[in-house]
Amino acid sequence: MALIMVISTVVTLIVFLLTDNDSRQRIAVDIVGRFLIEETKDTRSGSPNSAYVPAKTIELAKGQPEFWYVVDDGIKTAKHGTVPPSAKLILDAAPSQMLTYEFSYTVGGRDYIGAKRVDESDSSVTVSVGGVSLSDTQMLICALWLVWPQGLYHLLGAVLITTAAIAFITMRRTIAAPVRRVVSSAEDIDGLPNGRRLSDHDTPKELKPMVAAFNTALSRIDNAFEAQRNFLASASHELRTPLTKLRIKLDLVQDPEVREVLVRDVTRLASIVTTSLQLARLSGQSLTFSALDLTTLARAIVADHVPSAMKHGMEIEFNAPEERVMISGSEPAIRVALDNLIINAMRHAQGTEILTVDVLPSCTLRVSDNGPGIPAMERQKMLRPFVRGNGSTCEGTGMGLAIVSQIMAAHGGFVHLEEAAEGGLMASLAFPRSEAGA
């Protein structure tokens with residue numbers, strides 16, 4: 001701040017000292033006129049016969065042969081120098097009601113500035129002055145001391161205005177802009193452990209410790225997240241092989257009822273392991289996006305599920321527009337999302353004969369069934385992990401819709417659950433429209 005004050009003061013002084021000649025004369029006349037009034041106030045308060053002796057003013061203008069002044073209170077007059085005839089003519093005709101009357105006159109072919117001033121505290125006192133010029137140093141000293149406090153107030157006001165302007169520009173360039181860059185960099189950080197950090201490029205040294213501390217915290221979070229993901233993925237992977245072997249060995253159980261119960265439990269456990277592995281893969285890395293035709297992708301996924309649907313006594317009806325529906329997304333992730341919706345519908349929508357999959361021009365995938373559906377109060381909760389419907393009679397992990405919701409969030413879209421037109425559940429996946437397909 002001290003540096004800013006010094007710079008602003010220097011700028012103010014330079015502007016002051018580089019004023020044009022006429023303005024310098026006006027300033028000098030104004031300063032000397034004010035000074036004469038102030039300097040003669042003490043002598044005017046004395047005896048009526050005392051003479052005005054503005055010695056400091058005379059000293060100030062020493063060596064200036066054209067300098068003159070007249071102080072008049074209507075009783076006595078103090079003069080210095082010779083009032084030029086051209087200036088006297090103007091003074092005699094000067095309006096009396098004006099507190100300050102400025103004029104110009106000529107002596108020897110040179111133009112001068114003069115002024116007549118009325119003392120505001122005593123209107124009977126007038127001061128006329130002209131032909132004065134001050135050096136740069138004298139003008140500054142007079143502005144600060146001889147016309148106290150007005151001159152100082154004006155100078156301080158200029159300094160404050162200049163300081164505020166410089167401080168505003170400096171803060172925007174040195175603080176505000178770097179802070180905005182840091183904030184923008186922080187907003188780009190998503191919830192994935194992808195090693196993204198705040199940039200400290202062109203960051204003020206005062207902000208570098210904060211940026212470094214924030215990046216250190218992100219590294220710790222990434223390490224913890226990576227360790228958790230690796231554990232979940234490894235555990236899920238290691239469990240799949242023994243579960244597969246166990247399922248094969250269960251066929252050797254002689255009692256049909258016991259075998260059925262064990263197979264159902266092992267199947268549910270395998271489903272939990274599979275969905276856990278899906279969740280670990282999705283949450284542990286950034287998805288690679290590309291331009292996709294939603295119609296082509298959905299048609300291929302539906303075709304894969306037709307045999308399974310037939311085993312459940314269902315048919316899958318697929319509807320899509322003739323034109324392409326382009327989105328930007330991850331094909332493996334979208335496949336997992338639609339897989340989960342179709343499997344969820346086949347598992348829970350008992351009594352459904354036709355499972356409908358629609359692709360809408362608005363970049364929306366929709367899966368509808370005629371099952372019992374989900375009560376409106378429970379639909380939002382179903383998008384959280386390990387939450388199952390209260391009325392569900394089928395075994396499930398409670399993670400299918402949560403995985404779908406996470407995939408859609410990664411795509412900048414959303415999942416919407418609502419009641420189908422003929423009852424049941426209609427799950428919609430709304431994707432942002434791709435610029436390539438716009």
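Modeller: A crossing of two helices is left-handed if the near helix is turned anticlockwise from the far one by less than a right angle. The model discussed here is predicted.

Colleague: Which handedness does the crossing of helix 10 with helix 11 have?

Modeller: The axes of helix 10 (residues 331-348) and helix 11 (residues 400-410) come within 9 Å. By the definition above, helix 10 passes helix 11 in a crossing that is left-handed.

Colleague: Are helix 10 and helix 11 roughly parallel or roughly antiparallel?

Modeller: Their axes cross at roughly 150 degrees. Angles over 145 degrees count as roughly antiparallel, so helix 10 is, relative to helix 11, roughly antiparallel.

Colleague: How many residues in the contact of helix 10 with helix 11 are nonpolar?

Modeller: Helix 10 brings residues including A333, I334 and L341 to meet helix 11, where the partners include L401, I403 and I407. The contact has no charged residues and 3 polar ones, and the nonpolar residues number 9.

Colleague: What is the bridge partner of V70 in strand 5?

Modeller: Strand 1 (residues 68-72) and strand 5 (residues 126-130) pair in the antiparallel sense over 5 bridges. In strand 5, V70 is partnered by S128.

Colleague: Is P361 buried, partly exposed or exposed?

Modeller: P361 is in the loop between strand 9 (354-360) and strand 10 (364-368), and touches P321, E323, V325 and R433. Its relative accessible area is 44%. Buried needs under 20% and exposed over 50%, so P361 is partly exposed.

Note on methods
Residues numbered from 1 in each chain as written. Predicted model: local features only at pLDDT ≥ 70, side-chain atom pairs only at ≥ 80, totals over all residues. Heavy atoms only, no water. Helix = DSSP H or I, 4+ residues; strand = E, 2+ residues; numbered from the N terminus. Buried < 20%, exposed > 50% of the residue type's maximum accessible area, 1.4 Å probe, protein only. Contact = heavy atoms within 4.5 Å. Axes fitted to C-alpha atoms, helices over the stretch in contact; angles between N-to-C directions. Parallel < 35°, antiparallel > 145°, perpendicular 65-115°, else oblique. Nonpolar A, V, L, I, M, F, W, Y, C, P; charged D, E, K, R; others polar. Pairing = 2+ DSSP bridges. Lists of a residue's contacts leave out its neighbours within four places in sequence.
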